[in-house]
Amino acid sequence: MLVQLQYLRAIAALMVVYFHSVLQVPKVNAGFDWQFHLFGETGVDIFFVLSGFVMWLTTVGRRISPIEFYRRRIKRIVPLYWLATIFSAVVALIAPTILKSTVFNLPHLIASLLFLPWRNPADPDLITPIVVPGWTLNYEMFFYCVFGLLLLVPERWRLYSLFGAMTAIIVGCHLLPFQSTATTFYGDPIIYEFLAGVVLAKLYLEKIFLPQRLAWPAIALGFAFLLINETLCDASMRSYMWGIPAVIIVYSAVSIDFSRLPEIGWLNYLGDASYSVYITHAFTLAFLRVACGILKIDIVTHGPVFVTACMIFSAIGGAIVHELTTPTRWKKWRRSAPVLASPSKASPSKG
């Protein structure tokens with residue numbers, strides 16, 4: 001495995017947890033400048049680029065039918081997400097004050113289970129499923145749907161076909177004489193972030209890397225611009241103002257030979273558990289908020305303490321769920337899976 005991908009998954013998940021943790025803190029008397037500290041949403045953009053990278057890397061040169069591809073993706077994504085969605089719906093029905101951004105609505109529940117974009121009944125300005133962070137999974141499943149179909153296309157034309165299909169979808173959504181939730185959602189150029197990840201995977205397999213001496217500074221600059229741009233720009237400019245730094249981060253990371261560096265075990269593991277962390281962290285934050293209220297522990301108004309607690313407990317909770325939902329046979333397969341070549345072992349840099 002490319003351990004740097006695991007590191008980036010973990011970092012991206014923790015960025016999102018941090019972002020949502022700060023949103024829980026009151027804007028006044030929080031112990032820090034709330035507006036200044038509100039960042040981390042761009043972890044999603046790193047996830048999208050990584051997703052495109054991994055999908056291309058794991059399918060290129062192999063005969064995989066669309067059905068087999070979909071089966072694997074469904075097995076990976078659906079069980080935990082459906083469990084979280086149904087649990088959220090039940091909580092919203094019997095204890096509506098616990099989850100701030102969720103109200104029970106049957107059409108919304110059905111759309112959430114089917115990964116279809118839907119206006120959130122709690123806030124119609126937002127297009128989110130019941131598990132609010134799951135809006136990213138709606139894009140993921142959309143990408144998988146398009147990518148899986150294009151596995152029928154000869155490999156030499158697949159990248160061009162993917163670019164054409166995504167462009168046609170975006171343009172088509174904007175040219176239709178009517179606008180709907182679906183056209184607003186699928187017409188967002190954020191889907192190009194998946195395409196960018198595919199391009200990076202193709203560069204990686206063709207052994208076109210950044211020089212090692214430039215890759216580390218590029219990662220640092222990528223994260224710096226990611227945080228700066230998130231502060232200066234809203235989500236309407238996300239695809240390029242947030243997407244480009246995310247692309248730089250991923251490309252720089254896969255250009256570095258991490259096999260020569262000591263492995264950061266806990267970060268590697270957390271990357272493996274990142275999906276569970278991402279899906280469950282909203283419940284962890286709600287649990288902490290409610291528990292603090294019941295125990296009369298006033299840490300919510302102490303921003304640094306509360307946010308730190310949220311990140312630690314979200315990581316622990318996600319790891320526990322990961323262990324409970326990962327079959328033993330899957331773990332054994334991961335241990336025996338072939339190791340992908342690191343940049344230095346694959347070929348000298350052409351960058």
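Helices here are DSSP runs of H or I with at least four residues, numbered from the N terminus. This is a predicted model, in which local features need pLDDT of at least 70, side-chain atom pairs count only at pLDDT 80 or more, and totals for chains, interfaces and linings use all residues. Residues are numbered from 1 along each chain as its sequence is written, and side-chain values use heavy atoms, with hydrogens and water left out.

**Nonpolar patch**
- Helix α4 (66–94) supplies five residues, the largest share of a nonpolar surface patch.
- Helix α5 (106–113) also gives at least two residues; Leu106 sits in α5.
- The patch covers about 970 Å², and its members include Trp82, Ile86, Phe104, Leu106 and Leu116.
- Patch residues have over 30% relative accessible area and no salt bridge, with nonpolar side chains (Val, Leu, Ile, Met, Phe, Trp, Tyr) joined within 5 Å.
- Accessible areas come from the Shrake-Rupley method with a 1.4 Å probe.

**Helix crossing**
- The axes of α1 (residues 3–24) and α11 (residues 238–255) come within 9 Å and cross at roughly 150°.
- Axes are lines fitted to C-alpha atoms over the stretch in contact, with angles from 0 to 180 degrees between N-to-C directions.
- Gln4, Leu5 and Leu8 of α1 meet Ile249, Val250, Ala253 and Val254 of α11 (heavy atoms within 4.5 Å).
- Six of these contact residues are nonpolar, one is polar and none is charged.

**Salt bridges**
- There are six salt bridges (a side-chain nitrogen of Lys or Arg within 4 Å of a carboxyl oxygen of Asp or Glu).
- One of them joins Arg238 and Asp45 at 3.0 Å, N to O.
- Arg238 lies in α11 and Asp45 in α3 (residues 43–59), so the pair ties together parts 193 residues apart in sequence.

Technical notes
Patch = residues over 30% accessible without salt bridge, like charges linked within 9 Å, V, L, I, M, F, W, Y side chains within 5 Å. Nonpolar A, V, L, I, M, F, W, Y, C, P; charged D, E, K, R; others polar.
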